[in-house]
Amino acid sequence: MNTKVTPALVPYDDAVARYEPTLGLEVHVELGTASKMFCGCPTAFGAPANTQVCPVCLALPGSLPVVNATAVESTIRMGLALNCTIVENCRFARKNYFYPDMPKDYQISQYDEPIAIDGYLDVEVPTSDGVETVRVEIERVHMEEDTGKLTHTGGATGRIHGADYSLVDYNRAGIPLVEIVTKIVPGTGALAPEVGKAYVSQLRDLMRSLGVSDVRMEQGSLRCDANVSLAPPDGPLGTRSETKNVNSLRSVERALRYEIRRQAAVLDAGEKVKQETRHFNEDDGSTSPGRSKEEAEDYRYFPEPDLMPVSAQPEWVEELRATLPELPAAHRKRLQSEWGISDFDMQSVINAGALELVEATVAAGVSQAAARKWWMGELAREANDRGVGLSELPVTIDHIVRVEDLISSGALNDKLARKVFEGILAGEGDADEVVAGRKLELVSDDGALLAAIDEAIANMPEVVAKIQSGKQQAAGAIIGAVMKATKGQADAGRVRALLLERLPAEG
Amino acid sequence: MADLTREQVAHLAQLARLDLSPDELDHYNEQLNVILAAVAQVGEVAARDVPATSHPIVMTNVFRPDEVRPGLSREDALSGAPAAQDDRFRVPRILEEEPS
Amino acid sequence: MTADITRLSAATLAAELAGKQMSSVEATQACLDRIAEVDPQLHAFLYVDAEGALATAASVDRRRDAGEELPALAGVPIALKDVMAMRGVPTTVGSKILENWRPPYDATVVSRLREVGLPVLGKTNMDEFAMGSSTEYSAYGPTRNPWDHDRIPGGSGGGSAAAVAGFEAPLAIGTDTGGSIRQPAAVTGTVGVKPTYGAVSRYGLVALASSLDQAGPCARSVMDAALLHEVIAGHDPRDSTSLPGPVPDVVKAARTADVRGLKVGLVKELNGPGYQAGVRQRFSEVVELLTALGADVREVSCPNFTYALGAYYLILPSEASSNLARFDGMRYGIRLGDDGEANVEEVMARTREGGFGPEVKRRIMLGTYALSSGYYDEFYGQAQKVRTLVQRDFAAAFADCDVLISPTCPTTAFPIGEKVDDPLAMYLNDIATIPVNLAGNGALSMPIGLAPEDGLPVGLQVIAPPRLDDRLYNVGAAVEAALEDRWGHPLIEEAPQ
Ligand SMILES: [Zn+2]
């Protein structure tokens, strides 16, 4: 049995004060094509074991791969969205290694000729004082195929250690995978874990907007390997560790943070960081070493003789470029300018995870200011208290549209509207039901208002005199008194109008 | 070109997943060196500016449409399995996860 | 009666079936009887599927009786090299590692045979994973040459060639990676064609070297080979290397058989002192014959062919080492050493150690080395460049010639056991056939007489430019007709019974 040794950790702030982290991220995206990369088997998630297989993806002797056209197009579109150069001629290669989840005992991948190279993604990283944009450079985007799924059986835990044997389901084998590899990301300092998280998050948004993948980290359709190394300021690059299969956004941040603290401890002790693969433990946020290898695996890459080269002619690439939707960054820029709001306000909307809701609410006819006010105010607070996402609250865009209608028709004011939302959140029904149930309708009967106005006029002769001398701004005192008398259920605008009618300026 | 050592041959056998006996290692060591000496003649050709040919007849963009086609029934899929359990291929224990 | 049927050509058989002078069941049964009679000695077959073959034959007969219009070869029995996957029929590739494996699917070639209705008599013996030139590397024992049972029938497709030469089947399917159709044809006095790479689908052909493998026909006459070529060739979307476009009219070319005015190149590097005297003698007689038939024969030089053998024995093992990785005892085939203690890595290594024979292991080791980091450029990379040079040599030669010719192999059939422990000597058998596989062109081998010194068949190789496989049949049929005119009968009839 292996006993787990928890290494010493350096407090994070100390670690990044003494060492400069350099990041590298490798993300695998499972494409959402109907069929697999090299055969016609379906790609649905969760099908019964070994029911989505054929001679090709089981690697039966004699079977041959044929490339899925949509997978190539999706990869080119991903490359374009990441500002890459699409390589005009590229090939598939075989990566040879034996493993029971890899039916051919080689993976068809791309090696020295990836389809897209040299791109970047501008990542907006939230910081304590606003937003910092970090350009993460992309080294390559290449196509490959997924492996089958292993279940480790026997033994005590169902984990690989101590298992007596394993069971293999090849449904996933051959599903198209696209690997996106960054260049090293230097100079992020203490922000490194946040940069890693923001990169994966924004990459995910990008893939989703392209419609190439459902990018569900919990189902493994987006998987991340997070690499980091430390070096003293102005020193040469350190040795990196590669933490494999970090499969949630939060885990990316945690894994990087842990590795920075661990490596700092190693360096502080005057030792060398080992170049190794590490596994991330969700439970405690730590990483642990994988099997250490005496030498680098020799994958014996060579051009896949069963497949022909891919030629991405410029006309084809341009056709594909024309199919790109507005990408998240451009989309955000456009909305910001349409709404005419500051960078800070825009980032607040993004940070609150409210962008999509605000956008949809505006699209439903509500002003951007009102949409932001509701989603970012009461509702954001409520979501935060409940520990849920905004979209999980019982308040819908339709509710906001109705409340705004009631406000503009004079049936509600802001104060009452808040109470309406309170009611909706409490499950008292839709806006109209809450208004009726809580009797929140504004007093719209002029007679009742005039009675209250007359009473106020009688009580405040000095104010009346000011108004009559032309100082209309003095009307506020009387309006306030009327609102108080009607318990807030009066339309302040109407009260003002009636009051000014009652007391026309003299002279 | 230097001859292959016995250690190199053993490493190759490990890479190729061949559990060669010590006698076989010696035997292949000798034979591989003879064969390699013969095929090394390809190195005599001055071919620095010659492109490599990986396919005898090259075509490009040979793709299939992204359409689902019928595959194998599970019975057929598992029909050749040396061991199967719970509709899956049963394989001996795995030492540790290989990085992929 | 039965004996007569087995000696008929496929073309004649097809005509008699079409004219209902004979049923497919009769023809198939005749072959099965012949197999039962001679195969215990020849060992051309690894598996005989009497039931399946007769069922196909009966179905063809029924369709014909119902007045259905059937393709030419409907009902003509055929033997299948054991390298082709056939649903439900054992497919071993001559290896112990696939003992008893019954594929759950059909190779495209098999689908085409089924569509046309050729009863498949069974699976023929071969060198394990098609690695060899003698069929001695079969895990199931050697096949014998019908001309002399102490000699090899060539390889890797010795079983298919021997089945055809031994009158067990009028036709057979072979595969050719470096000469595995042509060399067996040459040493058994039969006709074998390696079509242009991509002409016949490789889907379901258990891969040896993907960029070199090509299936093709084995027969006793050029016309029979053409008829079979027509059935199996054509584009297949399941093979990315399959050629699109129409198949050249090879049957018409075999009927044309006219070499007048044809420019024929004699490849200088594929003849000479390394070749057996009787082989050279028969070859030079054919050169004279071609001239007499009106062809314009000239010598051409392909200097880089000298390096072809070296390039081939780097490219083939490299691709093979990867193609054969899947035989790991996890999904199909045998599994060895799974004692409950051994881990997966050990079981894979034990399975492969015990399941593969010596030549397969030798080539896997060689290929693993040639691809390994640090040696790739020196070996695999350089071999791929030589491949380009070989293609250029062919292109230059075809700029002046319509076809090229050479002896198919340097010697006639050698005795069983002579080269089995000498890989290099074995490899030299393929010296004249290998350049074609590297470049991808089509080539044919046909009998041109017996070597005076040993009385064994000598083969002529005809090579055409890529995709122009019809030229092979035109030249082959012309030479065949002239020789049979001279001999008074096909050469194969001189084979001892
Ligand atoms: Zn499949």
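Biologist: How many residues does the contact take from chain B and from chain C?

Modeller: Contact means heavy atoms within 4.5 Å. By that rule, 55 residues of chain B and 66 residues of chain C take part. This is a predicted model, in which local features need pLDDT of at least 70 and side-chain atom pairs count only at pLDDT 80 or more, while totals for chains, interfaces and linings use all residues. Residues are numbered from 1 along each chain as its sequence is written, chains are lettered from A and ligands numbered from 1 in the order in which they are written, and side-chain values use heavy atoms, with hydrogens and water left out.

Biologist: What area is buried between chain B and chain C?

Modeller: Buried area is the accessible area (1.4 Å probe) that two parts lose on being put together, summed over both. For chain B and chain C the value is about 5,100 Å², with 67% from carbon and sulfur atoms. On the chain B side, B:Arg17, B:Pro56 and B:Ile57 supply 13% of the area buried against chain C, more than any other three residues.

Biologist: How many salt bridges are counted between chain B and chain C?

Modeller: A salt bridge requires a side-chain nitrogen of Lys or Arg within 4 Å of a carboxyl oxygen of Asp or Glu. Three are counted between these chains. One of them joins B:Glu24 to C:Lys361, with the closest N and O atoms 2.8 Å apart.

Biologist: Which elements of chain B supply residues to the side that touches chain C?

Modeller: Helices (H or I, at least four residues) and strands (E, at least two) are DSSP runs, numbered from the N terminus. Helix H1 (6–15), helix H2 (22–39) and strand S3 (88–92) of chain B each supply at least two residues. H2(B) gives the largest share, 10 residues.

Biologist: Let us turn to the other interface. What does the contact between chain A and chain B involve?

Modeller: There, chain A contributes 65 residues and chain B 39 residues. Together they bury about 4,400 Å², 58% of it on carbon and sulfur atoms. The salt-bridge count between chain A and chain B is zero.

Biologist: In which sense do S2(A) and strand S1 of chain B pair?

Modeller: Two strands pair if DSSP finds at least two bridges between them. S2(A) and strand S1 (residues 63–64) of chain B pair in the parallel sense, over two bridges. Within S1(B), B:Arg64 is the bridge partner of A:Asn68.
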